[in-house]
Amino acid sequence: MTLHHRRFPNAARGVVAACASALMASCAASAPAEKTPPPAPAETPAPVAAPAPAPKPTYGTFGYDADGMDRAVKPGDNFYRHANGTWLDKTEIPADRSSYGMFTALSELADQRSRELIEAQIQAPEGTEARKIGDYFATFLDEAAIEAKGLAPLKPELDRIAAISNKKALSSELGSTLRADVDALNTGRIYTRNLFGLWVAEDLNDPSRYAPYLLQGGLGLPDRDYYLVDSPRFKEVRQAYQQHIANMLKLAGLSEPEARAARVFALESKIAKAHWAQVDSRDITKTNNPWPREQFAKKAPGMDWNAYFTAAGLAQQPQIIVWQPSALTGLSKLVGGEPLQAWKDYLTFHAIARTAQVLPKAFVDESFVFNGKTLSGSQKQRDRWKRGVDFTNAALGMAVGKLYVEKYFPPNVKAAADAMVRNIVTAFGQRIDALTWMSPETKARAKEKVGTLQTSIGHPAKWRDYSGLEVIRGDAFGNAERASRFETQRNLNKLGQPVDRTEWYMVPHLVNALNSPQQNSIIFPAAILQPPFFDANADPAINYGGIGTVIGHEIVHSFDDTGAQFDARGKLANWWTKEDEARFKAAGKALTEQYNAYKPLPDLAVNGDLTLGENIADVAGLAVAHDAYKLSLGDKPAPVIDGYTGDQRFFLGFAQVWRNKYREPMLRRILMTDGHSPGEYRASTVRNLDAWYQAFDVAPGQSLFLAPEQRVRIW
């Protein structure tokens with residue numbers, strides 16, 4: 001589970017690469033994304049005047065942007081605006097962004113640094129990893145060469161699709177599209193535009209071995225509800241999407257683009273009806289479904305599974321875990337029952353959409369108008385170099401990350417962060433000891449799990465080997481496709497091999513953090529270990545309110561509503577007494593109801609069930625970070641700085657990192673598909689901590705006030 005919104009296909013988040021993991025080249029080549037926006041209409045939208053740049057915070061005496069506050073707002077009425085109101089009023093979202101906040105600002109810094117590092121590799125010796133980085137980036141930026149080739153690089157795939165004449169051939173073609181582009185538990189990415197997505201990870205039932213997982217996919221829109229919700233807003237999106245399909249097919253020179261688009265959209269609507277809802281897809285009790293490979297034909301008739309698995313590279317796997325069984329069954333039925341021509345039109349469109357960024361500019365522009373503007377609200381396509389950084393990171397992210405760490409991650413930062421992690425882990429153990437509602441038996445199992453928690457800071461212990469990835473200067477299309485297949489094959493190669501429990505699922509220059517429940521590990525990339533999250537020379541209160549709450553958040557993910565179902569070895573196993581489990585679930589239900597009451601849009605509220613895991617990690621992570629801050633002081637009182645007490649600075653530091661602004665389409669998308677609540681409501685979790693009330697004299701009658709018995713206390 002990650003700290004911040006994963007970057008969406010078609011939209012953008014403030015993280016490296018179009019996928020949350022930023023490791024999958026298939027993501028850059030296949031998914032819609034703001035940072036790597038999929039393509040747009042033949043007509044480029046009219047230029048949009050760039051807004052004034054967001055004001056740069058001036059971190060004052062104790063490392064907090066005091067100028068960004070709105071002191072006219074009482075902390076107890078709206079703590080988010082009290083801490084960030086002036087920044088919110090003065091900051092405009094850049095035209096090429098769908099949202100903007102602290103994560104975005106740091107991501108842009110990481111992108112600029114990455115660009116400089118990547119460009120420095122363009123003249124590296126041939127045959128070296130460094131040269132691959134430079135060649136990949138330079139080739140992506142060579143738009144003239146891409147334009148000159150036209151659709152020729154895609155023609156073999158389009159011809160193969162056109163030649164499909166029976167269900168076996170169709171199943172084989174669908175199998176060839178399977179990519180390792182999803183990760184249900186580590187990065188939380190469950191979207192793929194391919195019919196199914198592959199995830200290779202520890203077996204839920206035996207973490208000593210790897211297992212292949214199949215997840216539902218096949219939609220060009222972000223989620224099933226975009227097809228099924230009956231509202232004017234979604235009807236507009238559906239009409240725009242069908243026109244986008246037609247536009248892409250027309251650009252490719254295909255006959256009857258409107259009729260083909262209608263067939264594609266009708267088929268996707270049927271796929272959507274078979275899909276699981278987001279909340280069900282994150283319910284680990286429903287998703288652990290091992291199927292023997294030979295039983296797929298009986299359990300899910302329609303697909304020629306032998307042909308599918310052979311093309312997908314899974315023909316030798318005796319067992320596959322199916323994440324959403326009824327969805328897989330429904331999609332397989334559609335393969336067997338829908339007209340062959342509809343599937344051929346579908347595959348044709350998705351082949352074009354998947355590769356649009358390495359096709360001529362008309363495809364890129366068409367993709368942006370729909371995926372970037374309509375779905376995410378961005379007003380301007382991101383510069384080609386920025387998208388080039390994304391694609392290079394997606395293909396060779398760990399190689400770029402190694403360069404980043406060498407230049408931007410000094411040993412003293414790692415040492416200071418290590419010390420803070422140890423302090424917060426200690427504080428969490430003490431919180432478990434002090435729990436009054438938990439039995440000694442469950443406490444012992446929880447403490448055992450804390451004892452096996454692995455921590456990795458800055459970068460992985462060993463770097464990825466890219467010697468098997470072929471990068472050819474001048475072949476942008478081929479590079480993207482080879483990178484996608486390389487990442488998939490890298491994952492397939494894990495099957496049958498010893499489990500590497502130190503593997504990283506994020507690149508070091510990603511502004512995020514991660515908890516892996518199957519490894520029982522937490523990861524903090526180098527790029528997040530900088531202001532406003534962390535500064536080795538800053539006031540400890542701000543550091544604990546910033547990176548301290550991030551560390552606490554990730555620790556607690558091992559004990560949230562999903563993580564708490566894994567034992568100290570990373571096995572899906574119930575280690576709770578019935579009474580303790582009931583109390584834990586009751587606290588979770590109270591938190592769900594608290595978040596259900598937040599309504600960011602007139603017609604859409606926060607989904608407390610969908611965001612429960614992240615909300616638990618926020619409230620308990622904040623509490624443990626505050627405990628650790630107190631521990632760090634020893635027996636000494638915190639100094640008062642610029643009139644602010646230590647606790648006040650701690651909570652202000654926390655609220656500052658969650659300042660964010662969203663365009664309406666992106667906010668809507670987050671609310672419908674993302675397990676993280678919008679920043680305002682994450683900052684508002686302070687209302688569950690007694691220490692916040694004391695720090696700011698919050699009293700009954702103020703908007704955020706909760707009576708002590710209403711405050712949710714988990715861990």
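Twelve cavities of 30 Å³ or more turn up when the whole structure is searched. The structure is a predicted model, in which local features need pLDDT of at least 70, side-chain atom pairs count only at pLDDT 80 or more, and totals for chains, interfaces and linings use all residues. Residues are numbered from 1 along each chain as its sequence is written, and side-chain values use heavy atoms, without hydrogens and water. On a 1 Å grid over the protein atoms alone, a cavity is a set of points where a 1.4 Å probe fits but cannot get out, while a pocket is an open set with protein on both sides within 12 Å along at least five of seven lines; lining residues have an atom within 4 Å of a point.

The largest cavity holds about 360 Å³ of space. It is lined by 22 residues, and Met1, Ala184, Gly188, Arg282 and Gly675 are the closest to its centre. Helix 11 (278-281) and helix 24 (612-632) are the elements that give two or more residues to this lining; helices are DSSP runs (H or I, at least four residues) numbered from the N terminus.

The second largest pocket has a volume of about 540 Å³. Among its 23 lining residues, Asp283, Asp561, Gln565, Lys585 and Leu612 lie nearest the centre. Helix 23 supplies the largest share of that lining, six residues.

Elsewhere, helix 6 (residues 155-162) has Glu157, Leu158 and Ile161 buried, that is, under 20% relative accessible area with a 1.4 Å probe and protein chains only. They sit on the same side of helix 6 because they cover an arc of only 100 degrees around the axis, taken from the directions from the helix axis to the C-beta atoms.

Note on methods. Buried < 20%, exposed > 50% of the residue type's maximum accessible area, 1.4 Å probe, protein only. Points joined across faces, edges and corners; volume = space filled by probe spheres on them.
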